[in-house]
Amino acid sequence: MQPETDEEENSKQHPLVFFDLETTGLGQDCEIIQLAAVSGGHSLNLYIIPRCRIQRGAARVTGFKVRGQRLYLHGLLVFTNSLKEVVVSFLTFLQMLGRPLLIGHNIRSFDCPLLARALDELDLRAEFQASVSGCVDTLPLARELLRDRRLQSFRQENLVRELLGINYKAHDALEDVRTLQTLYGFLQPTQDVVCRHKFTLDTMESKPAVPSSKSKIPLKLSGQRPLLEHFRQTGKETKRHDEVDPLQHEHI
């Protein structure tokens, strides 16, 4: 059997997994506290006691605190796993879905580099690369699709408010990915747009190719009412996700 070419790989409709991390801070030396992923009705939500101190700003925004080697979220004790257990569980989740496309908001400059560092520490990068068909960051994707909307911010929280008319609980990884799944369904990017924003851990530092502002990208905005009604019926008035600009990082 011949291996698939890049063109054949890109033309396939892969399952989608939406993923997010909560961390001890904003810098690339911070550590993972929470990893969440969702694909349709399947979800994964795991917590880690970090090896470094949670920055005051991060604790205030996320609600995480460590006391006596125990992790608390908004004052409630949460069950934790080791970093290796969390990463291996994440890989199993991805493999169960058959090389899905991994999607997140601002993951190219923040979440994926942190994930790559954890994978390298555990010598699991190759296994991860074999478990996904690629990664897509919805921050630049939304900027391309919504360039004519004149939005003041492309933070996930703002996009959900502007496009779905919903204010939701922010700064919880599981709520983030659930909300992003709904937002992505609303945006309905074409396969060409998705391929343009696709990257791997090995290519994430290179700049994504974006068409010139003169080219028009068709955006299907039909079905807003059914999506909005479905979102409200689930009772999941969930989270944000932060945008990053070259001079300012607002992940957590």
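Trainee: Which residue in the turn between strand 2 and strand 3 has a positive phi?
Mentor: Strand 2 and strand 3 form a hairpin, with two residues between them. Strands are DSSP runs of E, at least two residues long, and helices are runs of H or I, at least four long, both numbered from the N terminus. The positive phi, about 60°, belongs to Gly40.

Trainee: What kind of model is this?
Mentor: Residues are numbered from 1 along each chain as its sequence is written, and side-chain values use heavy atoms, with hydrogens and water left out. Local features need pLDDT of at least 70, side-chain atom pairs count only at pLDDT 80 or more, and totals for chains, interfaces and linings use all residues: this is a predicted model.

Trainee: Do strand 2 and strand 3 run parallel or antiparallel?
Mentor: Strand 2 covers residues 32-39 and strand 3 covers residues 42-47. Two strands pair if DSSP finds at least two bridges between them. Here Val38 stands opposite Ser43 in strand 3. Six bridges join the strands, and they run antiparallel.

Trainee: Which strands stand at the edges of the open sheet?
Mentor: The sheet has six strands in the order 3-2-1-7-8-9, with mixed pairing. An edge strand has a single partner, so one side is left without a neighbour in the sheet. That is the case for strand 3 and strand 9.

Trainee: How many bridges join strand 7 to strand 8?
Mentor: Strand 7 (residues 101-104) and strand 8 (residues 134-137) run parallel. Gly104 stands opposite Asp137 in strand 8. The number of bridges is four.

Trainee: What angle does the direction of helix 8 make with that of strand 1?
Mentor: Helix 4 also packs on the sheet, and its direction makes about 80° with that of strand 1. Axes are lines fitted to C-alpha atoms, for helices over the stretch in contact, and angles run from 0 to 180 degrees between N-to-C directions. Helix 8 (residues 173-187) touches strand 1, strand 2, strand 3 and strand 7, where contact means heavy atoms within 4.5 Å. Its angle with strand 1 is about 145°.

Trainee: How many nonpolar residues are in the contact of helix 3 with helix 4?
Mentor: Leu83, Val87 and Phe90 in helix 3 meet Leu115, Ala118, Leu119 and Glu121 in helix 4. Ala, Val, Leu, Ile, Met, Phe, Trp, Tyr, Cys and Pro count as nonpolar, Asp, Glu, Lys and Arg as charged, and the others, Gly among them, as polar. The contact has one charged residue, no polar ones, and nonpolar ones numbering six.

Trainee: How are helix 3 and helix 4 oriented to each other?
Mentor: They pack at about 110°, with their axes 11 Å apart. Angles under 35 degrees count as roughly parallel, over 145 as roughly antiparallel, 65 to 115 as roughly perpendicular and the rest as oblique. The two helices are therefore roughly perpendicular.

Trainee: Is Lys84 buried or exposed?
Mentor: Lys84 lies in helix 3. Buried means under 20% relative accessible area, exposed over 50%, and partly exposed in between, with a 1.4 Å probe and protein chains only. At 53%, Lys84 is exposed.
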